[in-house]
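My notes are below, in the order I went.

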Amino acid sequence: MAIGLAIAGGGALGLGLVTLPDQLTWGGWLTIGVTLGAFLLNALTPLPADAIFLAALAILLLTGVLDTATALAGFSNPGMMTVGVLYIVVAGLQQTGGLDMISRAVLGLPKGQTTALLRLMLPVLGMSAFLNNTPIVAMFIPVVSDWCRKLRISPSKLMIPLSYAAIMGGMCTLIGTSTNLVVNGLLVSETDYPGLKLFDLVPVGVPCAIAGTLMLVLAQRWLLPQRKPAIADTDDPREYTVEMVVEDHSPLAGKTVEQAGLRHLPGLYLTEIQRGGRLLTAIGPQEILQEQDQLVFVGMVDSIVDLNQIRGLQPATDQVFKLDTPRTGRTLVEAVVSNTCPLVGITIRQGKFRSRYGAVVLAVGRNGERLSGKIGDIRLQTGDTLLLEANPSFLEERRASRDFYLVSEVPNSDPLRHDRAPMALAILVLMVALATSGWMDMLNAATLAALLIVITGCCSFQQGVRTIDWSVLLVVAAALGLGKALEVTGAAAVLAGGVLGMAGDNPWVALAIVYGVTTLLTEIITNNAAAAVVFPIALSLSQSLGVSFIPFVVALMIAASASFSTPIGYQTNLMVYGPGGYKFTDFMRVGIPFNLAFWVLTVLITPRVYPF
C-alpha cells in the first residue's frame with residue numbers, strides 16, 4: 001500500500017510538472033529522475049540507503065548538474081555535523097551511566113507495550129516543544145534500545161514513535177523547531193505582519209499531536225513493524241555462571257531485588273545469594289539486598305555486560321583489582337579454551353590465570369551447564385567459553401595463541417565511570433540551555449558539550465568516535481545534496497508553482513494545496529528549504545485571493561515540520577532508522593496515514609482559529 005501511495009504521489013507531481021515543461025532545464029528533469037530513482041531503489045530493493053544516495057549524488061556531480069562545492073556542501077552542513085557531534089555527547093552519557101539514570105527516572109519499567117509507548121512519547125512530546133528535538137532523540141536512542149531489551153519489546157515498535165513524538169512536540173510552539181523560526185523570520189522580513197507569539201501554534205499543533213499519539217496507540221499493531229527481536233533466547237546459546245558482590249555503601253543495599261532492577265535483565269537469572277554463612281535459593285522479587293551479598297547469576301553474555309555496568313555491583317573475585325590498568329581502561333573478552341591450553345584439567349586458581357594471561361575470569365560457560373562453586377575452583381575443560389576482564393593488549397597478544405580457539409571482544413562492554421555521571425548530565429543540561437536560550441546555535445553548543453565530555457573524562461575520544469554511525473551521516477549528507485540540486489535547478493520551485501497554480505479562487509482549496517505541496521517537498525528536501533521555496537508562492541497566492549496570509553503561514557509551519565513518510569525527510573527519522581532495523585517502506589506505511597491526518601486536521605482547524 002505504501003509503495004502504491006508513493007507512486008501515486010509521484011504521479012501527482014508529474015502532472016504538476018507537465019504543465020510547465022519550458023520552465024525546467026534538462027538538469028532539473030535529470031534531478032527529478034535521479035531523486036525518484038533513489039526513492040524507488042530504497043523502497044523496492046535491499047541495497048543500503050547510503051550506497052543509493054551516494055550513487056545518486058555522484059550522478060548529479062558527474063553530469064555537471066552540481067558543481068563540486070555544492071555537491072559536497074552536505075558533508076559540512078551544520079545539521080549533519082550536529083548529528084555527528086551529538087553521538088560523542090551521548091557516548092559520554094552512556095559511559096558514565098547517566099543514560100540509565102534518565103531511563104529509570106523518566107521511563108521506569110512499565111507492563112505492556114501500550115504503556116511503554118505512552119511512557120516514552122509523552123515526556124518526549126513535552127520536551128520537544130521547548131528544546132531542540134535532535135539532542136533529545138540522540139539521548140533517548142540508546143536508552144530506548146536498552147529499555148526494549150529489558151521489556152522484551154522489539155526496538156522497531158518504539159524507535160519511530162520516538163522520532164515522531166519529537167517532531168510532533170516541535171510543531172506545538174514557535175521555538176519547537178528551527179523551521180518555525182525560519183518561517184516566522186520570513187513573515188517579519190517579507191510582509192507587514194507581526195511575528196507569531198510563542199504559543200500561537202498550540203491550537204493547531206496540539207490537536208495534531210494528540211491525534212498522532214492516538215493513532216500510534218490504537219493502530220500500533222498494524223502501523224508499527226516487527227523488524228527485529230529485542231532479544232531472543234536462541235540468539236546466543238552460551239550461558240555463563242557469574243558471581244557479583246554488593247559493594248559496601250552500595251545504592252542497591254536496602255533495596256529489594258526488583259527495585260534494584262535485577263529482575264528485568266533479559267536472559268539472566270538470579271539463582272542464589274550467599275550471605276555470610278547462609279545460602280539463599282529460590283530468590284523472590286521482594287528479597288532485600290545487603291552489603292557484601294554474593295549474587296550468583298546464570299545468563300547470556302549481553303545481560304552479563306549489563307550486570308557488570310550496574311552501579312554498586314562488582315565481580316566477586318578480588319582478582320579484577322590486581323590488574324595493572326584501571327577498570328575504566330579494560331574491556332570484556334570471550335575466549336574458548338583449546339585442547340592445547342596448559343590449564344585444561346586444573347582449576348583457574350591453580351593455573352594462576354591472571355598472572356599467566358593478564359586477564360581475570362569473570363564467568364565460565366560449558367554447554368549450558370550450571371557450574372557450581374566459586375569461579376577459581378572451576379576445573380577447565382576443552383571447549384569452555386571464558387568471559388574475561390582484560391587489558392586492551394590481551395586481544396592482540398592472544399588472538400593467535402594456541403591456548404584459545406577463539407578470542408573476541410564483547411561489544412559495548414567498557415566498565416562505566418559512574419562517578420562522572422553527574423558531570424555528564426550537567427554538560428547535557430548546559431548544552432540544551434545554551435542552544436535553547438539562543439546564546440549558541442545547536443552545532444556550537446553540541447561541539448562545546450562533546451569537548452567537555454572528553455576533557456572531563458566522561459568518555460575517551462576513541463570511545464566517542466566509535467559510537468558514530470557513519471552510514472547515517474553519509475545518507476544525511478547525500479540527501480542534502482539531492483535537495484540542493486532540486487533547489488538550484490529550479491525543479492522545486494517549478495513543482496510548487498505548477499501544483500499551486502491549480503488552486504483556483506477558493507482559499508480553503510488554496511490552503512490545502514499549500515499544505516500538500518509543502519509536506520511533499522519536505523520529504524525530499526530539507527524542511528527549511530521546503531518552507532523557503534513555498535513561502536513566496538503562498539504569499540503571492542494569498543494576496544491574489546485577497547485573504548489573510550496568517551492561515552497559510554501556520555499551515556506552512558506545520559507541513560514543513562510534519563516529515564513522517566521517509567527516513568531522509570527529517571534527521572531524527574534517519575537517526576532511528578538503523579537502531580530500529582527499519583526498511584525504507586516502514587516509514588511510508590506509518591508516515592503516509594500520519595501525513596494525511598495532519599493535512600486534514602490543519603486545513604480544518606487553522607482557518608477557524610486564524611480566519612481568512
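What follows are my entries, starting with the ground rules.

**Ground rules.** I'm working with a predicted model, in which local features need pLDDT of at least 70 and side-chain atom pairs count only at pLDDT 80 or more, while totals for chains, interfaces and linings use all residues. Residues are numbered from 1 along each chain as its sequence is written, and side-chain values use heavy atoms, with hydrogens and water left out.

**Overall.** I looked up the secondary structure and got 25 helices and nine strands. These are DSSP runs numbered from the N terminus, H or I with at least four residues for helices and E with at least two for strands. Of the 612 residues, 56% count as buried. Buried is under 20% relative accessible area, exposed is over 50%, and partly exposed lies in between (1.4 Å probe, protein chains only). For the accessible surface I noted about 24800 Å², with 61% of that belonging to carbon and sulfur atoms; areas come from the Shrake-Rupley method with a 1.4 Å probe, and for residues only the protein chains shown count as cover. Then contacts, meaning heavy atoms within 4.5 Å: among those with a separation of 6 or more, 79% are between residues 24 or more positions apart.

**Cores.** Next I checked the nonpolar cores, which are sets of buried Ala, Val, Leu, Ile, Met, Phe, Trp, Tyr and Cys residues joined through side-chain atoms within 4.5 Å. The largest one has 138 residues, and the members touching the most others are Leu-120, Phe-140, Leu-162, Met-168, Met-431, Phe-564 and Phe-598. Helix 8 (residues 133-151) gives the most to this core, at 11 residues. There is also a second, separate core of 27 residues, including Leu-268 and Ile-304. In soluble globular proteins, nonpolar side chains tend to be buried together. I followed up on Met-431: leaving aside neighbours within four places in sequence, Met-431 contacts Leu-86, Val-89, Pro-135, Met-442, Ala-445, Ala-446 and Ala-449.

**Helix 10.** The expected span is 1.5 Å times one less than the number of residues. Its buried residues are Thr-179, Asn-180, Val-183, Asn-184 and Leu-187. They sit on the same side of helix 10, because they cover an arc of only 130° around the axis, going by the directions from the helix axis to the C-beta atoms. An α-helix has 3.6 residues a turn, so residues three or four places apart point the same way. The packing partners of these buried residues are helix 9 (159-170), helix 22 (527-545) and helix 23 (550-561).

**Ile-550.** I went on to helix 23, where Ile-550 is found. Ile-550 counts as buried at 12% relative accessibility. Beyond four places in sequence, Ile-550 touches Leu-187, Tyr-193, Leu-196 and Tyr-610. Ile-550 and Tyr-193 are 357 residues apart along the chain, yet their C-alpha atoms are separated by 8.3 Å.

**Helix 21.** Same length check here: the 16 residues of helix 21 (residues 507-522) should span 22 Å, and its end C-alpha atoms are 22 Å apart, which agrees. Helix 21 has 12 of its 16 residues buried, so it is largely enclosed by the rest of the structure. The buried ones include Pro-507, Tyr-515 and Thr-522. At its start, a side-chain oxygen of Asn-506 reaches to within 2.9 Å of the backbone nitrogen of Trp-508.

**Two glutamines.** Gln-220 is in helix 12 (residues 220-223) and is buried, at 8% relative accessibility. Its side chain makes a polar contact with the side chain of Gln-113 at 2.7 Å. That term means a pair of N or O atoms within 3.5 Å; within protein, one must be able to donate a hydrogen and the other to accept it, and residues adjacent in sequence count only if both atoms are side-chain atoms. Gln-309 is in the loop between helix 13 (301-308) and strand 5 (313-315) and is buried too, at 18%.

Most residues other than glycine have a negative phi. I noted His-249, with phi near 60° and exposed at 73% relative accessibility. Lys-352 has a positive phi of about 50° and is exposed at 59%.
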